[in-house]
Amino acid sequence: CNTFMLVCVAFVLCSPQAVTGSPVDCPNQDTAGTSCAISVEKLLERAVQHAELIYRVSEESKLLFDEMLISYGMNLHIPKGTMCAPKMVPVPMSKSEIQQISDKWILHSLLILAQFWIDPLVEVQASLENYENAPSALLTRSKWISTKLMSLEQGIMVLIRQILGEGSLTLEGPEETSDRFVSSNILQTVRRDYSVIYCFRKDAHKMQTFLKLLKCRQIDKENCSLF
């Protein structure tokens with residue numbers, strides 16, 4: 001299973017189409033990039049694929065970071081239960097809760113998660129460039145995730161316009177989480193970078209799950225569940 005995932009991730013990272021593609025790419029897009037004839041169904045399919053790949057590559061990044069720490073002889077001693085901030089977006093835990101949440105709630109939750117992680121991931125990408133002998137595979141994946149998350153954010157905003165009829169908007173997560181990645185020395189920098197990768201991986205899985213649920217509601221319309 002792990003070997004299959006590694007092959008899939010390698011293909012994604014080496015494929016020009018996968019690296020440059022976006023959920024909102026349109027062959028008939030005008031020069032200003034303001035119009036797109038893509039259907040909601042096709043956009044949702046692309047967004048789900050995007051989210052699945054982002055999650056896979058984030059899993060691989062976490063494993064590569066673990067291996068790098070071992071090679072450095074470092075043990076961060078971070079209690080995993082307290083590494084991540086409180087959940088910004090709660091996951092419905094029952095069938096009745098899933099039925100009660102609206103498509104608007106799902107879309108806005110997706111946008112909150114995407115926008116919250118863009119800056120921390122860009123900072124980690126820049127930080128890893130300063131590591132001594134950082135694996136090139138980790139650097140490549142870090143850059144890829146940052147780029148693709150920005151593309152996914154664009155796709156989510158198009159979905160909001162097409163499904164909800166709302167204009168462009170920016171949402172913010174809890175203010176108290178904005179400083180949790182600040183560091184002042186090398187060990188704290190490593191802790192911060194590892195925390196970003198570890199915690200983003202969890203929210204990437206959440207975005208993938210929410211998009212699959214939304215796709216089911218919009219297209220399949222039957223037996224839609226997170227479980």
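User: What should I know about the model before reading it?

Analyst: The model is predicted: local features need pLDDT of at least 70, side-chain atom pairs count only at pLDDT 80 or more, and totals for chains, interfaces and linings use all residues. Residues are numbered from 1 along each chain as its sequence is written, and side-chain values use heavy atoms, without hydrogens and water.

User: What span should helix α6 have, and where is its kink?

Analyst: Helices are DSSP runs of H or I, at least four residues, numbered from the N terminus. The expected span is 1.5 Å times one less than the number of residues. Helix α6 (residues 103-128) has 26 residues and should span 38 Å; its end C-alpha atoms lie 37 Å apart, which agrees. The kink, about 30°, is at I118, shortly before P120; the bend is the angle between axes fitted to the seven residues ending at a residue and the seven starting there.

User: How many salt bridges are there?

Analyst: Side chains of opposite charge can pair when their charged atoms come close. The rule asks for a side-chain nitrogen of Lys or Arg within 4 Å of a carboxyl oxygen of Asp or Glu, and the count is seven. One of them joins D103 and R217 at 3.0 Å, N to O. D103 is in helix α6 and R217 in helix α8, 114 residues apart.

User: Are D103 and R217 buried or exposed?

Analyst: Buried means under 20% relative accessible area, exposed over 50%, partly exposed in between (1.4 Å probe, protein chains only). Both D103 and R217 are buried.

Note on methods: Helices (H or I, at least four residues) and strands (E, at least two) are DSSP runs, numbered from the N terminus.
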